[in-house]
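Visitor: Hi! Could you walk me through this structure in simple terms?
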Amino acid sequence: MYRFLARRLVQSLVVLGGLSVLMFTLLVFTPGDPVEIEASVNPDLEPEDIARLRAYYGLDDPVYVRYFKWVRTVANGDLGYSRTYAQPVTRLIKQRLGNTLQLLTGAFAIAVTIGVAVGIYSALHQYSVTDYAATLLSFVGLAMPTFWQGILFILIFAVWIPWFPAGGMLTPGVGPGLPAVIDRLWHLVLPTLVLGSAGMASWVRYSRSSMLEVIRQDYVRTARSKGLPERSVTRRHALRNALIPIITLFALSVPAVLDGAVVTETIFSWPGMGLLLFQAVLGHDHAVAMAVLLFLAVATILANLLADVMYALVDPRIRYE
Amino acid sequence: MAVLLRRAAVAAVTVAMVLAVWPSGVQAQGRNRVVVLLGQEPAELFPGFVSNLAVETDVESPMWCGLIGRDNNWKLYTDLATKLPTLKDGDWQLLPGRKMKVTFKLKTTYRWHDGRNVGAEDFVWTLRMRKNPNTPVVSRFVDNKIDNVLAPDPYTISFQWNEIYPYANLDPFSLLPAHVLRPQFNRDPRTIDKSPFGRAPVACGAFKFKQWSAGNFIELEAFDQYGGPKAKVRNLTFRFILDSTVMTANLIAGEGDATATSNLSLEQLAEIDRRTGGRMTTHAIEGLTWEHIDYNMDNEWLKDRRVRWAIAHAIDRESMSRTLFAGRQPVAHTYFGPKHFAHNANVKKYAYDPARARQLLAEAGFTPGADGILRDGQGRPFRITIMTTSGNAVREQVQQIIKDQLKQVGIDLIIDNRPASVLFGQVTRERRYPHLVMYAWVSAPTTHFRTIWHSGEIPTAANNYVGQNTPGYRNAEVDRLLEQAEGELDEGKRAAVLKKVQELWAEDLPSLPLFFRLELNVSRKDLKNYLPRGIGAPTWNAEAWTY
């Protein structure tokens, strides 16, 4: 197991290195660097200004030089300096990470609890009306793009029935302490529901098919034939085994939820990492975009690693060499 | 599992109940607060540095003071200066060697937000800082024309100009507080833009900075020691909402009192009109963003101005204005907007006239082919490409209409769009468009379009693509008049020269003018004195806003 972990960690580092090269190159080769964009709208920018600003922002260096400069700063534990926010990237990430985690935790909790429960129930009552309804709804959920659902929710729950705010994180003027906490929770409801329901559909599908597979196994039939009550069969024998692939899904769905967060945060103006990435890419702020992308890459790699490890932990039949 | 589920259900119901009883009053905005919605979050509030996004000007305007301001009729008014310098009064002097001296007397009542006096010293220091080669100032276009600023007394400043510049009676730069920024500047001028000042500025306007909740909002509050007319509302809050659909929803839901720079469309404004039952007022004003199509003057077909005229006659811009913009965005016939001091309403106009277009093309040597597409003298089909920014719905609609209308006169139009970064990073900058390119120039009330029409400004590989004359327009008389206008201090005479340029230009037609993009804004009906100008920053007079 430890050897496996060590090998995977080394592999992960290689993957991360490759990814960083790829991401950096893609960002740098997006035409129109910040100075060019400025020059295209500002008639007062003279050639000397352009040359001076390009040198100031290090845009004249060859790509590989810029990449290695970036690697060097990151290796020193410094994520660089945001050109557009005029502050260290680390500080920006610190401000935003917590907000994203709040959103993700809520969304994950909703998606997993409701999704798994509905999936299991629908597997146990296959071909019932509930099963059909759950299947239909989850397909609708899978097919509905997050941005559209976000706008729909705003329309319904903020415009037609004004229960919740149409985006933002805090109402200006709400004092600190408990009112601020409640105000923030109030702002969290819609984005959490949107992000949660986006993931919920796949949880329903996975847990339903996993449960269906398990209840057809020989050991479930054996359990039933030896006279165990149905409750005990489903709980002890079926559910536990059905949860194994779902646990993997838990880790593997982290990247998908993070992706969804970019869209949800943008729609709801929720100041998290996703919104930061969106703005950084639009504003050609490479230091910030690279930091957020790197964070997403690390999260994805760790989640995959976690999935492998958890798989071995919950299923004694699986052993890594 | 069941126990877990039961607990989760109980928790969910509890949360729902708390939320249900939570008074919706948390969103009630006091009558002392104006919430302005912005389509983007400012990067920093440090005029002159790094970025100068329109949304930054929206927030900076109510916070900053300046010598001279420009109102909603584009008329100048005095802010920090006691009067507007003029040649007649002698506070604007012409000196030998085409130099100038312009003197401003400052009001003594202005204070920085930390209580210190605003004075001549701040101007002296700001110019010195901006002229230091190591400070990352964005543009030194105006700074380079000024040799020095003198302070004969603490409330008098004299700018010494090293060339004739017709707008020397306006603020040459945004004023910065010397006492706040000097220590950082003295430590290292290269890092002045990294000062915490950019996220919490000390300025001198009617509103002072209160807090910036990153990604969320910026809050300003009335500054009681302001030297000008005091703010009537106590609090000005800017909320950032990136998506225009979401912004529309917010305005309908009553979560914003006004807007500044945003991506709202005319349809969304109509929706807001319809759904708020007269609670909100919508404003659509012709702005400074000039939408147009550049002809590539080096193309062998487009070189012939009869072909350029023909294309202009073949396109029905009037009906586009009616169908796409509900008639609220009139057709442009020149590049200066109607409020520009040199706007010439009498230039040659190209009305929709397909018969005239066909006739001009025949004169230019094109003959109809069997497939309905014209052929040139060598038998090649008249097939041309139009490029623009992909994803811009309005421009894409305009393209479709143009394609259809040009087909009527025998021109086959191919649409080839690129993302904005590619279009402006390569296509227009390096003139890499074969025939037509549609985009916009953003000007200012003081722009002459010299860098756009002067033949010395054509970007080429040899000059490292410097200049903004994207069509490749050459007219010696236009060059001469543009240079003359730069040195003409009398506004009436300058306007006459620039009007003449527009006449010659409209005759040559290096670009087809389309529209001046509307500056779209929304405000609560009961918010008084909200007066957008069509030059950005509708917050210019936020101190006068009141319910």
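Guide: Happy to; we will look at chain A and then at a sheet in chain B. This is a predicted model, where local features need pLDDT of at least 70 and side-chain atom pairs count only at pLDDT 80 or more, while totals for chains, interfaces and linings use all residues. Residues are numbered from 1 along each chain as its sequence is written, and chains are lettered from A and ligands numbered from 1 in the order in which they are written.

Visitor: How many helices and strands are there in chain A?
Guide: Chain A has 13 helices and 2 strands. These are DSSP runs, numbered from the N terminus: helices are H or I with at least four residues, strands E with at least two.

Visitor: And what does the C-alpha trace of chain A span?
Guide: About 85 × 55 × 35 Å along its principal axes.

Visitor: OK, chain B now. In what order do the strands of the open sheet come?
Guide: The order is S4-S5-S7-S6, with antiparallel pairing. Two strands pair if DSSP finds at least two bridges between them.

Visitor: Which strands stand at the edges?
Guide: Strands S4 (92–95) and S6 (146–153) of chain B do; each has a single partner strand, so one side of each is left without a neighbour in the sheet.

Visitor: Over how many bridges do S6(B) and S7 pair?
Guide: Over 5 bridges, and strand S7 of chain B covers residues 156–161. Asp153(B) has Thr156(B) in S7(B) as its bridge partner.

Visitor: What holds paired strands together, in general?
Guide: Strands of a sheet pair through backbone hydrogen bonds, either parallel or antiparallel.
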